[in-house]
Amino acid sequence: MQRVLVIGISGAGKSTFSRTLAGRTGLPIVYLDKEFWRPGWVQTARPDWRARVEELAAGERWIMDGNYDSSLDLRLPRADTVVWFDYPTLKCVQRALWRAAATYGQVRADMAPGCPERFDLEFLRYIWTFNRKQRPRVVTALAQFGRHLDPVVFR
């Protein structure tokens with residue numbers, strides 16, 4: 001286990017799991033949120049983002065934390081392990097709300113500088129629709145680009 005993808009719905013505990021796994025394995029963590037967002041919650045442009053993910057995935061050892069289904073085609077072929085948090089929507093919305101309340105105004109360790117925790121209705125909508133919209137994309141990407149993998153699925 002040298003290149004681990006930790007994917008799934010937001011609010012499921014991916015970052016907490018990644019930190020624990022890194023502590024036990026010594027593998028470096030790549031938080032995709034930290035790479036994607038710029039100060040003030042500005043998104044990285046798509047071409048720049050794909051180039052950055054390609055560069056990150058080229059590394060020999062990593063735990064890559066984050067779903068970003070639009071880049072699974074770059075990450076899955078390089079991964080030797082996938083951990084998929086396939087949790088119910090309501091549970092993850094509740095966890096995301098709790099996290100926002102507990103860390104409001106702070107920049108979490110897994111987030112980019114200049115992106116303090118906030119209550120974000122768009123983000124909550126993303127979680128609310130994840131299992132209906134993004135989950136099928138994850139299933140398709142695993143079948144297409146991750147045939148060599150046997151995902152560890154938490155439900």
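## Exercises: rings, a strand and a patch

Trp37 has a relative accessible area of 15%, so this residue is buried (under 20% counts as buried, over 50% as exposed, in between as partly exposed, with a 1.4 Å probe and protein chains only). This is a predicted model, where local features need pLDDT of at least 70, side-chain atom pairs count only at pLDDT 80 or more, and totals for chains, interfaces and linings use all residues. Residues are numbered from 1 along each chain as its sequence is written, and side-chain values use heavy atoms, leaving out hydrogens and water.

**Exercise 1.** Work out which kind of ring pair Trp37 and Trp41 form.

*Solution.*
- Start with the rule: rings of Phe, Tyr and Trp (its six-membered ring) pair if their centres lie within 6.5 Å; planes under 30 degrees apart are stacked, over 60 edge-to-face, and the rest tilted.
- The structure holds 11 aromatic pairs.
- For Trp37 and Trp41, the centres are 5.3 Å apart and the planes at 70°, so it's an edge-to-face pair.

**Exercise 2.** Find which parts of the chain the pair of Trp49 and Tyr68 ties together.

*Solution.*
- Check the geometry: Trp49 and Tyr68 are 5.1 Å centre to centre with 50° between the planes, a tilted pair.
- Now place them: Trp49 lies in helix H3 (residues 46-57) and Tyr68 in the loop between S5 and helix H4 (72-75), so the pair ties together parts 19 residues apart in sequence. Helices (H or I, at least four residues) and strands (E, at least two) are DSSP runs, numbered from the N terminus.
- Trp49 and Tyr68 are both buried.
- Zoom out, and ring pairs link Phe36, Trp37, Trp41, Trp49 and Tyr68 into a cluster.

**Exercise 3.** Decide whether strand S1 (residues 3-8) is enclosed or open.

*Solution.*
- Side chains in a regular strand alternate between the two faces of the sheet.
- On one side of S1 sit Arg3, Leu5 and Ile7, on the other Val4, Val6 and Gly8, and all are buried.
- That's six of six residues, so S1 is largely enclosed by the rest of the structure.
- Look at the neighbours: S1 pairs in the parallel sense with strand S5 (residues 62-65) over four bridges, and Leu5 stands opposite Met64. Two strands pair if DSSP finds at least two bridges between them.
- S1 also pairs in the parallel sense with strand S6 (residues 81-85), over five bridges, where Val6 stands opposite Val83.

**Exercise 4.** Say whether Leu97 is buried, partly exposed or exposed.

*Solution.*
- Locate Leu97 in helix H5 (residues 89-103).
- Its relative accessible area is 34%, so Leu97 is partly exposed.
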